[in-house]
Amino acid sequence: MGAPPPGPPARLATAPRPAPAPGPGAGHAGRDTRRVMAEHTHDTPPPPERPHPPGAAPAPAQGTPFDGSLTQAAALNQAFWDERVPLHLASDLYDVDGFRVSLDSLRPFEPVEVGDVTGRRLAHLQCHIGVDTLSWAARGAAVTGLDFSAAAIDAARALAADVALPARFVVADVYDAPDVLGRGGFDIVYTGFGALVWLADLTRWAAAAAALLAPGGALYLAEFHPITQILDEDDGQRIVGDYFAGVPRRWHTTGSYADPHAPTSDNVTVQRDHTLGEVITAVAGTGLRIQFVHERPVTLFARSANLRRGEGGLYRAPDGAPRPPLTYTLRAVKPAAADRDTPLRSAP
Ligand SMILES: C[S@@+](CC[C@H](N)C(=O)[O-])C[C@H]1O[C@@H](n2cnc3c(N)ncnc32)[C@H](O)[C@@H]1O
C-alpha cells in the first residue's frame, strides 16, 4: 500500500436536506470543532469529534467505544437532539420556510417507491421536526410521527398547525413504538435518512417496525449507505475506516450539520454503524418479506468534495468517476396470514 489515508472519513449521522452546492472551501467546520474540543473540560478526555459533513476536515478517529447502557446512550442522544431543534428550524438546510410553500421535502424516488399513500395510515419513526412526515400528509396519508425528542415533536406540531395539515406527533423511544402507537395499525412504516445510526439494537428496531404494520402493510426505509461512513472525503474512492466496527461509539460534535458554527453544549453522542447486511438481516428476521433493496449513486449532500449537485437536488460523482453506493432504499411487506407460504414476487 502507499501512504496511509489522510484520516477517517467525514461522517454523517444525521439527515440533511439537499443543500445549496457549497463553494470551494465551504463548510470547513473541523478546525473549529477541534478548538472547542481542546477547551473541553471533562474529567476524562472528551470522545473524538464527529465532523460535519460537507467539506469537514478529517476527524482524528472513529469515535471511542461506548460501554454504557442503552439508557445512558439515549439520554446523551436525546439532549443532543433537543438542543439541535432550534438550529434546524432556523437553518437553510431544512428550509422550513420553503417547506411551508412546497409542502414537499421528499426525495424524488421516495413517493415513487412507496406508491399512492392517499388514505393510508403512515407511521414515521424518528420524525425529527416533522418536515418529511408532513410531506406524506400533504400527499394524503394519515400520518403519525414519533421521536424521542420532545423539542422536535413540539416543533413538528407547530409546523403542522402552521401549514394546516392533519398529523399526530408523539414523543417516544422508537423501541417503544408498538406499545405507544399500538400493534398492527399502520399501512406504511417510514424511516428516513440519518435514523439507524442512532440505534444500537437493530433487531429491536426491526421488531418494533414490523409490529406496527397491519398485514399487507410495508416498511419503507431510505438511508445513507453504510459504506459512505468509511470512504475518504476528498473523492470518496478510498476506504479509510472499518466497515465492520460493529460497536456503539461515543462522539463529540459541536454545532450541527445544519449550522456547524452554532454554539452548543450537549455535544456527546453515542452512535452505532450498521452494515447493509445487518440491516437486511434484521428486517428479514421479523418475517417481513423484503421486496427490494435499491442502492443509489446519489445522496443528499456533498459528503466528498468531488460530488456535484444535479437532478432532483441530489449529489453524485462526476461523469466517468468510479461510483460507490451513497444511499439505499428498502421495502419489506408484512404478509397477510394466508400469504405466508407464497413465494416472494420480484421487486417492482
Ligand atoms: C437525523 S434525524 C432524522 C431526520 C429525519 N429523517 C427527518 O425526517 O428529518 C434523527 C432523529 O432520530 C431521533 N432519535 C434518535 N434516537 C431515537 C430513539 N431511540 N427513539 C426515537 N427517536 C430517536 C432524534 O431525536 C432525531 O430527531
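Guide: Start with β2, α5 and β3, which form a right-handed β-α-β unit. Right-handed has a viewing rule: with the strands pointing away from the viewer, the path from the first strand over the helix to the second runs clockwise. The model is predicted; local features need pLDDT of at least 70, side-chain atom pairs count only at pLDDT 80 or more, and totals for chains, interfaces and linings use all residues. Residue numbers start from 1 along each chain, as its sequence is written.

Visitor: How many helices and strands are there in the chain?

Guide: Both are DSSP runs numbered from the N terminus: helices are H or I with at least four residues, strands are E with at least two. Here the chain has 9 helices and 13 strands.

Visitor: In which sense do β2 and β3 pair?

Guide: Pairing requires at least two DSSP bridges between two strands. β2 and β3 (residues 142-147) run parallel, over 5 bridges.

Visitor: How many residues of β2 are buried?

Guide: Count other C-beta atoms, placed from the backbone, within 10 Å of the residue's own: 20 or more is buried, 12 or fewer is exposed, and in between is partly exposed. In β2, 4 of the 5 residues are buried, so the strand is largely enclosed by the rest of the structure. Over the chain, buried residues make up 45% of the 348.

Visitor: And α5, what do its buried residues pack against?

Guide: α5 is mostly covered, with 7 of its 8 residues buried. Among them are Val-131, Leu-134 and Trp-136. The buried residues of α5 pack against α3, β2, β3, α6 (150-163) and β5. Just after α5, Gly-140 has a positive phi of about 105°.

Visitor: What do the buried residues of α8 pack against?

Guide: Helix α8 (residues 202-212) has buried residues including Trp-205, Ala-209 and Leu-212. The buried residues of α8 pack against β2, α7 (177-181), β5, β6 (213-224) and α9 (276-284).

Visitor: Which residues have the most contacts inside the largest nonpolar core?

Guide: A core is a set of buried Ala, Val, Leu, Ile, Met, Phe, Trp, Tyr and Cys residues joined through C-beta atoms within 7 Å. The largest has 73 residues. Those with the most contacts inside it are Leu-122, Ala-156, Ile-188, Val-189, Ala-209, Leu-212 and Leu-219. Of the chain's contacts with a separation of 6 or more, 76% link residues 24 or more positions apart.

Visitor: Which residues come nearest to the ligand?

Guide: Near means a C-beta atom, placed from the backbone, within 6 Å of the molecule. The ligand has 22 residues around it, and Trp-81, Gln-126, His-128, Gly-192 and Gly-194 come nearest. α2 (70-89) and α5 (131-138) each supply at least two residues of the shell. α2 gives the most, with 3 residues. By class, the shell has 12 nonpolar, 7 polar and 3 charged residues. Here nonpolar covers Ala, Val, Leu, Ile, Met, Phe, Trp, Tyr, Cys and Pro; charged covers Asp, Glu, Lys and Arg; the others, Gly among them, are polar.

Visitor: What is the strand order in the open sheet of 3 strands?

Guide: The order is β10-β12-β11, with antiparallel pairing. β10 (298-299) and β11 (308-309) stand at the edges with a single partner strand each, so one side of each has no neighbour in the sheet. β10 and β12 (residues 315-316) pair over 2 bridges. Thr-299 has Tyr-315 of β12 as its bridge partner.

Visitor: Where is Asp-95, with its positive phi?

Guide: Asp-95 lies in the loop between α2 and α3 (96-102). Its phi is about 45°, although it is not a glycine. Asp-95 is partly exposed, with 18 other C-beta atoms within 10 Å. Leu-103, in the loop between α3 and α4 (109-114), has a positive phi near 55°. Leu-103 counts as partly exposed, with 15 C-beta neighbours inside 10 Å.

Note on methods:
Two residues are in contact if their C-beta atoms, placed from the backbone, lie within 7 Å.
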